[in-house]
Amino acid sequence: MKFKSVAMLLLAVMVSPVVAQETDTKKKKKGRGNPTAQLMRQFKDVEFTEEQKGKVDALAKEAVAAMKTAREEAGITAEMLKKRAAAQKEMRAKETDQKPAQLMKAVNEKAGFTEKHAEGLKKANTIRQKWIKDVVGLLSEEQQSKLPEKLLQAAKRKSPKKGAGKGKKAKADDK
């Protein structure tokens with residue numbers, strides 16, 4: 001009888017870390033899948049007022065829904081985004097003289113993105129950029145000083161206009 005209770009105790013001690021580890025992994029995956037939380041993580045150093053929290057949360061939910069719609073309309077799946085992220089990581093690791101636009105085009109090709117997919121992703125990125133501008137616009141100068149420089153620059157960028165990036169000759173040909 002002593003042997004059985006010792007064996008059960010030993011089994012319980014061996015199994016409990018495995019069960020605890022599985023629970024931790026499940027919790028981590030849940031946090032990673034929340035798109036609103038992913039957007040908000042960019043502003044982790046900012047202490048929002050209660051009024052700002054409400055506005056930012058509403059803007060974030062709206063932006064997440066719009067980005068999801070843009071990706072769905074383009075036929076972009078989560079698996080495709082993972083494949084693209086891996087291709088992007090691989091391409092950036094290589095030393096290349098490509099301009100960012102050329103690099104992203106190569107990444108999209110490597111990931112198997114069609115023109116429709118690339119346009120959907122561009123639309124989703126435009127929505128995210130607008131959200132960043134809107135949130136930064138709600139912040140005081142003191143709050144903005146806590147933001148990373150890269151985020152402030154993103155908020156100040158102008159949205160691309162039709163015909164942008166074309167030379168004078170190409171613009172004249174369009175007329």
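Reader: Let's start with Ala-86. Is Ala-86 buried, exposed or partly exposed?
Author: Ala-86 has 46% relative accessibility, so it counts as partly exposed. Buried means under 20% relative accessible area, exposed means over 50%, and partly exposed lies in between (1.4 Å probe, protein chains only).

Reader: Where do these values come from?
Author: This is a predicted model, where local features need pLDDT of at least 70, side-chain atom pairs count only at pLDDT 80 or more, and totals for chains, interfaces and linings use all residues. Residues are numbered from 1 along each chain as its sequence is written, and side-chain values use heavy atoms, with hydrogens and water left out.

Reader: Ok. Where is Ala-86 placed?
Author: In helix H4. Helices (H or I, at least four residues) and strands (E, at least two) are DSSP runs, numbered from the N terminus.

Reader: How far is Ala-86 from Val-107?
Author: In space, 9.1 Å, C-alpha to C-alpha. In sequence, the two are 21 residues apart.

Reader: And which residues of H5 are buried?
Author: Val-107 is one of them.

Reader: What covers them?
Author: The cover includes helix H4 (78-93) and H6.

Reader: How many residues does H5 have?
Author: Twelve, residues 100-111. From first C-alpha to last, H5 reaches 16 Å, close to the 16 Å expected at 1.5 Å a residue. The expected span is 1.5 Å times one less than the number of residues.

Reader: What comes just after H5?
Author: Gly-112, with a positive phi of about 85°.

Reader: Switching to H3. How far apart are its end C-alpha atoms?
Author: They are 36 Å apart. H3 has 25 residues (50-74), so at 1.5 Å a residue it should span 36 Å, which agrees. Just after H3, Gly-75 takes a positive phi of about 80°.

Reader: Which residues of H3 are buried?
Author: Gln-52, Val-56, Ala-60, Ala-63, Val-64, Met-67, Ala-70 and Ala-74. Their cover includes helix H2 (35-40), helix H6 (115-138) and helix H7 (141-144).

Reader: Now the whole chain. How many helices and strands?
Author: Nine helices and zero strands. Buried residues make up 25% of the 175 residues.

Reader: What share of contacts joins residues 24 or more positions apart?
Author: 68% of the contacts with a separation of 6 or more. Contact means heavy atoms within 4.5 Å.

Reader: Last one. What does the accessible surface come to?
Author: About 13,700 Å², by the Shrake-Rupley method with a 1.4 Å probe. Carbon and sulfur atoms hold 56% of it.
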